[in-house]
Amino acid sequence: MLTTPGADGRFGEFGGRFVPETLVPACQELEAAFHDAWNDTVFRTELNDLLRDYAGRPSILTECHNLGRKLGIRLILKREDLNHTGSHKINSVLGQVLLAKRMGKKRIVAETGAGQHGVASATAAALLGLGCKVYMGEVDVERQALNVFRMRLLGAEVVPAKSGSRTLKDAVNEAMRDWVATVEHTYYAIGSVMGPHPYPFMVRQFQSVIGTEARAQCRELLGTDPDFVTACVGGGSNAIGIFSGFVDTHARLIGVEPAGGAAVGRGVPGVVHGMRSYLMQDEYGQVQEAQSISAGLDYPGVGPEHSYLASIGRAEYPSVTDAEVIEGFQLLAKTEGIIPALECAHVVAWIAREAPNMQGKTVLMNLSGRGDKDVAQMMDILG
Amino acid sequence: MAVLHTGKLESHLRARRDAGRKLLVPYITGGYLGWTDAVRAAAANGADAIEIGIPFSDPVMDGPMIQLASEQALERGATPLTILQELRSIDIDVPLAVMCYYNTVHSAGNERFSHSLAEAGVCAAIVPDLPLEEATEWCFAADGAGIETVMLAAPTAPEERLPRILQRCNGFVYAVGLLGVTGERDELASTATKLAARLKALTDVPVLIGVGVSNAAQAVEASTVADGVVMGASVMRRLIEHDADAVGEYVGEVRKALDAAVGVK
């Protein structure tokens with residue numbers, strides 16, 4: 001079991017609620033509303049029904065016999081890529097949009113990097129009848145054009161964030177500025193285990209369905225827990241989701257970061273986007289721009305609970321390079337017939353690199369998204 | 001109940017307010033081209049205090065104008081050190097407050113940062129992403145260094161919250177005029193004077209409305225209830241589009257309007 005933060009919203013020394021005064025009452029209201037909903041069987045039943053009948057849960061496990069044999073390990077995928085909208089983001093969004101509706105909000109705003117959370121938000125808003133505006137860095141609007149069109153098709157308004165690095169961090173800034181102005185009738189659906197309390201905790205609770213399912217499924221398949229539980233980490237919602245099922249087992253928890261956005265690996269504690277967490281920043285506290293091939297991991301910070309898990313040594317956060325990611329992307333496609341999201345290709349890359357040190361071990365990987373959205377970008381790269 | 005030390009900024013503003021004057025605090029982004037001249041011009045044209053912004057990469061409370069000023073200041077190589085260094089030699093007799101996001105403080109450390117402000121002659125700090133619940137450590141360090149902490153109060157605050165904010169506030173209380181980020185608006189939001197009235201009923205600390213006070217007429221309107229105003233985007237627009245002289249003229253124009261409204265010659 002992962003820890004439950006107290007009223008100060010802390011995981012150890014990380015987390016908190018560093019937001020403009022205007023938003024403090026909204027965060028407090030959300031904290032109370034989430035607590036109330038999470039303990040209400042009517043809400044939980046409604047959410048579970050949506051997860052089953054709309055998102056397609058539970059997601060299956062797929063054992064990678066070909067790649068496993070090639071690498072000398074037993075490799076098992078948790079197939080979050082098979083959820084409706086193609087990633088794990090739908091788990092949290094259905095919960096958050098149901099909650100927004102229960103709170104009487106008329107509209108949601110969201111930020112998105114690769115577009116997966118934006119698509120999931122637009123989808124849930126369409127289903128549940130709320131307005132939806134998605135902020136997306138201008139750079140990402142260009143490299144993820146298909147997801148932009150998808151969001152618009154679903155009825156959402158997509159607004160390019162043109163400030164700063166014009167990627168995910170700036171999309172978060174714009175979404176927060178929107179929320180400061182519209183807080184009375186708008187719900188901010190944050191896409192990861194980040195932001196001010198209660199978001200990191202709440203999004204984790206919504207994503208813990210991944211770990212809960214995977215633990216039971218592994219025990220059925222393997223008769224035991226895996227030796228390694230692996231996931232990619234940008235903000236870290238898919239990773240915390242699957243870690244939540246294994247934190248009290250012997251499994252080593254591995255969160256793979258991009259080399260150009262290694263908040264845990266290369267950052268120091270800082271405060272941005274409402275939380276204290278590891279952050280890539282310069283000596284004066286200016287937040288640095290992440291550089292990653294995958295828009296979804298192009299984030300200089302990380303969810304505070306990952307900072308906590310790293311600080312107590314419970315989880316490890318290695319990084320891989322873009323070149324390794326490109327290899328990993330093709331490796332899973334060619335050996336297993338599964339095209340992973342570029343984000344997840346980071347995990348494939350790490351597993352391929354570290355396989356010599358894991359011979360005979362069982363490795364569970366969270367395949368948190370499918371790679372269709374990245375095919376055009378890879379076509380340009382591979383020629 | 002702890003009684004906060006009344007520092008230099010607060011005693012200065014109280015004295016002027018109590019003499020019947022409405023308070024005018026222009027904001028200027030530190031490090032922006034011509035900013036020190038703009039500070040001098042504001043001081044010479046009737047500012048009661050000046051708020052100096054330390055630019056940050058991710059200013060979530062700021063609209064396009066101050067975002068632009070911050071980005072350009074950072075591109076010019078501005079850091080908290082260079083800004084405080086230049087402030088030391090600015091030689092004006094108007095008290096200064098800095099506005100900075102909390103990571104700027106956090107990265108230096110609460111103690112080190114508050115002492116560096118004091119050494120540069122700064123009286124107070126405004127940290128817009130450090131709400132009451134997170135402010136304890138900063139306030140402890142700031143109190144120790146003799147730096148006043150201006151707290152923000154927002155229109156969204158429930159009744160019970162305002163007294164707790166005021167209890168921890170010194171210098172002045174920054175009443176956030178509207179739901180939204182900094183920037184010019186066509187009209188003063190109705191939330192501005194409503195919040196100022198709530199605060200005035202609770203405190204003797206000067207109450208200044210900031211965010212969305214965009215011209216002399218709005219400053220006068222806000223000051224019918226509040227003790228004065230903080231003006232940022234409209235000041236920075238003049239520096240960005242024109243120069244420090246334009247800032248001086250504008251501050252002078254607002255000063256005149258405020259004085260005329262209360263009958264000061």
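Predicted model: local features only at pLDDT ≥ 70, side-chain atom pairs only at ≥ 80, totals over all residues.
A crossing of two helices counts as left-handed if the near helix is turned anticlockwise from the far one by less than a right angle, and as right-handed if clockwise.

Select helix 2 (residues 41-53) and helix 4 of chain A, whose axes come within 10 Å and cross at roughly 140 degrees. The crossing of helix 2 and helix 4 of chain A is right-handed, and, because angles over 145 degrees would count as roughly antiparallel, the two helices are classed as oblique to each other. To see the contact itself, show the side chains of A:Phe43, A:Glu46, A:Leu47, A:Leu50 and A:Leu51 on helix 2, and those of A:Asn91, A:Leu94, A:Gly95, A:Leu98 and A:Arg102 on helix 4. By class, the residues of this contact divide into six nonpolar, two polar and two charged.

Next, colour chain A by domain, taking 10-50 + 89-199 as domain 1 and 58-87 + 208-382 as domain 2. The C-alpha centres of these two domains of chain A lie 22 Å apart, and 35 residues of domain 1 are in contact with 39 residues of domain 2. On the side of domain 1 that touches domain 2, strand 2, helix 4 (89-102), helix 5 (116-128), helix 6 (138-143), helix 7 (145-153) and helix 8 of chain A each supply at least two residues, and strand 2 gives the most, with five residues. That side of domain 1 has 14 nonpolar, 16 polar and five charged residues.

Zoom in on strand 1 and strand 2 (residues 14-18) of chain A, which run antiparallel and are joined by two bridges; A:Arg10 has A:Gly15 of strand 2 as its bridge partner.

Finally, bring chain B into view: the contact between the chains takes 28 residues from chain A and 30 residues from chain B. Strand 2, helix 1 (24-38), helix 8 (168-182) and strand 11 of chain A each supply at least two residues of the side that touches chain B. Which of the elements of chain A gives the most to that side? Select helix 8 of chain A, which contributes six residues, the most to the side touching chain B. The residues on this side of chain A divide into 14 nonpolar, nine polar and five charged.

Terms used: Residues numbered from 1 in each chain as written. Chains lettered and ligands numbered in written order. Pairing = 2+ DSSP bridges. Helix = DSSP H or I, 4+ residues; strand = E, 2+ residues; numbered from the N terminus. Contact = placed C-beta atoms within 7 Å. Nonpolar A, V, L, I, M, F, W, Y, C, P; charged D, E, K, R; others polar. Domains from an automatic or database assignment. Axes fitted to C-alpha atoms, helices over the stretch in contact; angles between N-to-C directions. Parallel < 35°, antiparallel > 145°, perpendicular 65-115°, else oblique.
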